[in-house]
Amino acid sequence: MFYKCKGKLCSYIEEAQEKPSICPECGCSEFEEILEKNISGHQWSDMGIYALSKREEEKQQAVSYFEKAAQNGDSTGICNLAWCYENGYGVEEDIKKAIWLMEQSVELGNLVAACNLGYSYEVGKGVIKDIERAVELYKMAYEGGATRAGYYLGRCYLYGIIKKDYKKAVGYFQESAQEGYIPALIELARCYRAGWGVEKNEAEAVHLYYEAAKRGESYAQVCLAEMYEDKKGFAKDSYGMKNHLERAFYWYQKAAQNEYPEGQLQVARCYEHGIGVDQDEEQALSWTKRSAEHGYGRAQTVLGIKYLYGEGVEEDEKQAVVWFQKAAEQGDKRAKRYLGICYENGYGVEEDYTLAVKCYEEAVQAGDSNAKTLLGNMYCYGKGVEEDQEQAVAYYLQSAQEGDFEGLEAVGRCYAKGIGVEVDYEKAEQYITLSLEIEGEDHTKAKELLEWIQEQKRMKKVEE
């Protein structure tokens with residue numbers, strides 16, 4: 001049976017065995033029976049939306065309501081049915097059918113469908129990628145007053161999806177943000193933080209991140225926490241916190257409690273180093289594990305490192321390799337490097353120089369500077385590849401140019417000893433001196449090498 005709320009201006013309808021006692025929308029206690037044939041397409045769509053907000057088992061019922069809305073020509077019902085097929089929600093995933101339904105909804109003037117279809121064309125999901133068609137759909141939705149469309153157009157100008165224009169991007173984000181659209185608030189904050197299209201204003205970035213963060217947006221919560229940690233400003237509300245670090249921890253924790261993996265890893269880091277909270281190794285390990293178990297590659301790498309070196313947990317090289325492999329499969333560059341280290345040294349796996357080289361090469365391709373030095377070592381000593389000292393120096397130089405301590409030290413050593421290059425004490429001294437400027441590293445060997453180089457220079461001068 002179907003029952004309609006009799007509350008003034010309320011259109012709530014519920015399918016139930018017995019007449020409902022109270023309307024969840026307006027609180028009215030009066031209902032009247034309504035025949036299925038008298039339910040409009042718009043009402044079917046509303047019923048589907050309400051079913052989506054209920055329990056997990058309501059999925060198929062929601063799809064059923066959207067199907068009836070679509071049969072009645074309701075553009076919102078068609079749009080929502082497309083979303084169900086796109087995401088496999090209550091039905092088997094069918095991207096082509098989702099696109100077809102989006103097209104139908106757009107023809108009926110649905111602005112949400114225009115945005116959804118535009119994004120499909122932008123990224124090539126279910127259709128051939130077509131940026132012009134995507135922008136056309138975004139503009140159509142924007143001109144129709146869709147808040148979200150302004151955000152999409154802003155992205156197109158910000159990231160150069162069409163001709164890059166920071167000022168236009170900011171203009172669109174501002175319009176969308178004024179309507180309270182959270183993704184636009186975040187992008188506008190990034191623009192103020194970086195000075196893209198507007199004068200750099202970190203205080204305004206903090207304010208915008210705060211507006212999104214207090215509405216529960218986890219990414220914004222992490223960004224806000226980062227700015228607090230870097231002492232970039234305060235939002236008005238303090239929540240009783242005394243300093244920047246306490247505020248940073250508060251917002252990292254908010255994101256973590258929302259099951260946001262990056263937030264969980266940041267909370268772990270705070271506990272590990274006592275950032276805004278007392279140090280607690282158990283909590284640090286617990287939050288790292290939670291983040292890693294959520295499939296976050298960076299956390300999986302961190303957890304692997306902990307097992308490899310026994311940091312806060314019993315040393316377990318095999319377990320370390322398991323986590324490095326998980327993270328590497330997701331493209332984490334540090335994990336690829338650490339897998340190479342494990343294969344090179346036989347940590348948790350059989351020693352295999354060939355696989356070590358492969359892992360280092362993958363890490364290098366992913367942009368890991370440290371891996372370039374390690375790969376250079378493999379060429380320098382002929383481990384897993386044919387010895388090639390000139391190729392080794394090429395990798396060392398790439399790493400050094402990116403400011404890697406070990407790369408700088410390796411280049412200095414090569415110039416000092418004539419490995420792959422002619423001996424050049426001046427260049428050797430230059431690179432070693434640069435390596436000593438990098439804080440937090442063990443400079444013992446670099447200092448010894450620098451003393452040796454300077455001694456060679458003195459001896460050479462005496463001979464001359």
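Good morning. Let me begin with Lys231, which counts as exposed at 60% relative accessibility; here exposed means over 50% relative accessible area, buried under 20%, and partly exposed in between, with a 1.4 Å probe and protein chains only. Lys231 sits in the loop between α11 and α12. Its phi is positive, about 60 degrees, although Lys231 is not a glycine. Most residues other than glycine have a negative phi. Glu259 is a further case, with a positive phi near 65 degrees in a residue other than glycine. Glu259 lies in the loop between α12 and α13, and it is partly exposed, with a relative accessible area of 35%.

Before going on, the basis of these values. This is a predicted model, in which local features need pLDDT of at least 70 and side-chain atom pairs count only at pLDDT 80 or more, while totals for chains, interfaces and linings use all residues. Residues are numbered from 1 along each chain as its sequence is written, and side-chain values use heavy atoms, with hydrogens and water left out.

Now the chain as a whole. The protein chain has 23 helices and three strands; these are DSSP runs, H or I of at least four residues for helices and E of at least two for strands, numbered from the N terminus. Along the principal axes, the C-alpha atoms fill a box of roughly 105 × 50 × 50 Å.

Of the 464 residues, 46% are buried. The chain exposes about 24,100 Å², and carbon and sulfur atoms supply 43% of that area; the areas come from the Shrake-Rupley method with a 1.4 Å probe, and for residues only the protein chains shown count as cover. Among contacts between residues at least 6 apart in sequence, 43% join residues at least 24 apart, where contact means heavy atoms within 4.5 Å. As for charge, the mean positions of the 55 positive and 82 negative charges are 5 Å apart. Lys and Arg count as positive and Asp and Glu as negative, without His or the chain ends, and each charge is placed at NZ of Lys, CZ of Arg, CG of Asp or CD of Glu.

I turn to individual helices. Helix α3, residues 75-87, has 13 residues and reaches 19 Å from its first C-alpha to its last, close to the 18 Å expected at 1.5 Å a residue; the expected span is 1.5 Å times one less than the number of residues. Why is α3 described as largely enclosed by the rest of the structure? Because 10 of its 13 residues are buried. Among them are Cys79, Leu81, Cys84 and Tyr85. The buried residues of α3 pack against α1, α2, α4 and α5. After α3 comes Gly88, with a positive phi near 65 degrees.

Helix α13, residues 261-273, also has 13 residues and a reach of 19 Å. Since 10 of those 13 residues are buried, α13 is largely enclosed by the rest of the structure. The buried set includes Pro261, Leu265, Val267 and Tyr271. Their cover includes α11, α12, α14 and α15. Just after α13, Gly274 takes a positive phi of about 70 degrees.

Helix α17, residues 333-345, has 13 residues and spans 19 Å. It is mostly covered, with 10 of the 13 buried, including Lys336, Arg337 and Glu344. The buried residues of α17 pack against α15, α16, α18 and α19.

Leaving aside neighbours within four places in sequence, Lys372 is in contact with Val364, Tyr395, Gln398, Ser399 and Glu402. Lys372 and Ile162 are 210 residues apart in sequence and 35 Å apart in space, C-alpha to C-alpha.

Ala62 belongs to helix α2 and is buried at 0% relative accessibility. Not counting residues up to four places away in sequence, Ala62 touches Gly48, Ala51 and Leu52. Ala62 and Asp352 are 290 residues apart along the chain, and their C-alpha atoms are separated by 54 Å. Thank you.
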